[in-house]
Amino acid sequence: MNAQCVNDQMVSGVDPLQSEPATQRPHAQLHLASVEGKTVDLDFDGGRLSSDAGVILLKDIDDQLGLTRALAAVLADPRDARRLHFPSEDLLKQRVYQIAAGYEDANDSNSLRDDPIFKLMLDRLPETGAPLASQPTISRFENRVSRTELSRMALVLLDHFIASYDSPPNVIVLDVDDTEDRVHGAQEQTRYDGYYGGYCFLPFHLYEGLSGRLITTILKAKRFSGAQMLCVLKRLVKRLRHAWPDTLLIFRGDSHFAYPEVMQWIDEPPELSYVTGLTSNAVLQALAQEVVEQAKRV
């Protein structure tokens with residue numbers, strides 16, 4: 001979606017070079033929430049265009065969920081409040097919205113700090129509002145977040161997942177996996193992973209397997225050990241059990257999540273089970289041969 005900005009009023013539209021003549025297009029206008037008493041409209045009249053007007057819809061969703069607000073609330077801010085131009089919540093929103101629009105690098109903040117769409121996303125007037133944070137400010141913000149705060153942010157995501165249900169579900173599938181996030185250059189705290197054949201982060205993602213909803217995610221540079229996975233799982237189950245005492249929880253993962261200590265712990269509590277892969281070998285193939293043959297016949 002493209003956007004036009006005139007006198008602090010946002011108007012969006014398709015690229016006139018790629019669209020049919022204006023006389024053939026039906027007039028459509030969408031009224032958004034006002035900013036500092038100014039009206040905000042989405043329209044298809046062309047003019048000064050922006051390719052990022054679609055993120056305005058993301059802002060409306062975030063305002064309803066309060067997700068970035070809740071995430072920012074768990075972040076400490078050691079800066080002198082008398083000299084603050086960019087609160088932590090604004091910095092977090094700016095970074096999240098820019099990533100969502102495809103601007104992955106903090107360097108992009110330099111060219112986007114005066115962009116009318118992103119100023120509007122942070123409730124600033126698109127033409128006359130103050131500019132957003134630059135790359136150095138965004139980079140300092142990212143680097144000051146502690147491990148404890150990252151853990152608290154993961155719990156915020158978990159609480160939002162729980163709140164997305166109107167009533168306790170009968171079954172929850174804890175679908176776990178690592179995802180390769182390849183890095184380029186000398187980025188901090190990255191590791192070489194032989195499986196993926198390069199330097200990368202391996203963020204841990206946890207989804208609900210039946211609905212596909214995100215439960216939480218943890219940034220890390222290598223795979224969990226069995227003890228680390230067990231620690232994460234215990235905290236997760238404790239939080240879910242407090243909300244849903246009778247829900248069946250099923251832990252599901254690939255073969256590298258078949259940690260003996262995890263499976264042993266899961267066997268003990270009621271209403272808790274697991275389904276994991278196992279790396280194939282001759283012994284397992286012999287034990288499973290009868291079941292495999294039965295499955296083929298069916």
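Three strands make an open sheet, ordered β6-β8-β7, with antiparallel pairing. At its edges stand β6 (181–182) and β7 (191–193), each with a single partner strand, so one side of each is left without a neighbour in the sheet. Two strands count as paired if DSSP finds at least two bridges between them. Strands (E, at least two residues) and helices (H or I, at least four) are DSSP runs, numbered from the N terminus.

This is a predicted model: local features need pLDDT of at least 70, side-chain atom pairs count only at pLDDT 80 or more, and totals for chains, interfaces and linings use all residues. Residues are numbered from 1 along each chain as its sequence is written, and side-chain values use heavy atoms, with hydrogens and water left out.

## Strand pairing

Strand β6 is joined to β8 (residues 198–201) by two bridges, and the two run antiparallel. Asp-181 has Phe-201 in β8 as its bridge partner.

Strands β9 (residues 204–208) and β10 (residues 214–218) run antiparallel and are joined by four bridges. Leu-206 has its bridge partner in β10, namely Thr-216. Five residues lie between the strands of this hairpin, and Gly-212 takes a positive phi near 80°.

In a regular strand, side chains alternate between the two faces of the sheet.

## The chain as a whole

The chain holds 10 helices and 12 strands. Of its 298 residues, 38% are buried. Buried means under 20% relative accessible area, exposed means over 50%, and partly exposed lies in between (1.4 Å probe, protein chains only).

Among contacts with a separation of 6 or more, 61% are between residues 24 or more positions apart. A contact means heavy atoms within 4.5 Å.

The accessible surface of the chain is about 17600 Å², and carbon and sulfur atoms contribute 52% of this surface. Accessible areas come from the Shrake-Rupley method with a 1.4 Å probe; for residues, only the protein chains shown count as cover.

## Helix α7 and its packing

Helix α7 (residues 147–163) has 17 residues. From first C-alpha to last, α7 reaches 25 Å, close to the 24 Å expected at 1.5 Å a residue. The expected span is 1.5 Å times one less than the number of residues.

Buried residues in α7 include Glu-149, Met-153, Leu-157 and Phe-161. The buried residues of α7 pack against α2 (67–73), β5 (171–178), β9, β10 and α8 (226–243).

## Salt bridges

The whole structure contains 14 salt bridges. A salt bridge is a side-chain nitrogen of Lys or Arg within 4 Å of a carboxyl oxygen of Asp or Glu.

| Pair | Closest N and O atoms |
|---|---|
| Asp-80 and Arg-82 | 2.8 Å |
| Arg-124 and Asp-90 | 3.5 Å |
| Arg-252 and Asp-175 | 2.6 Å |

Asp-80 is partly exposed, at 31% relative accessible area.

Arg-124 forms a salt bridge with Asp-90. Arg-124 lies in the loop between α5 (116–121) and α6 (135–143) and Asp-90 in helix α3 (residues 88–100), so the pair ties together parts that are 34 residues apart in sequence. Both Arg-124 and Asp-90 are buried.

Arg-252 forms a salt bridge with Asp-175. Arg-252 lies in strand β11 (residues 248–253) and Asp-175 in strand β5, so the pair ties together parts that are 77 residues apart in sequence. Arg-252 is partly exposed, at 32% relative accessibility. Asp-175 is partly exposed as well, at 25%.

Lys-59, Asp-63 and Asp-123 are linked in a network of salt bridges.

## Surface and loop details

Leu-278, Val-283, Leu-284 and Leu-287 form a nonpolar surface patch, with about 410 Å² of accessible area together. Patches are made of residues with over 30% relative accessible area and no salt bridge; like charges are joined within 9 Å, and nonpolar side chains (Val, Leu, Ile, Met, Phe, Trp, Tyr) within 5 Å. Leu-278 lies in the loop between β12 (272–276) and α10 (282–297). At 56% relative accessibility, Leu-278 is exposed.

Pro-136 lies in helix α6. Pro-136 is partly exposed, at 36% relative accessibility. Pro-136 and Ser-109 are 27 residues apart in sequence, with their C-alpha atoms 9.0 Å apart in space.
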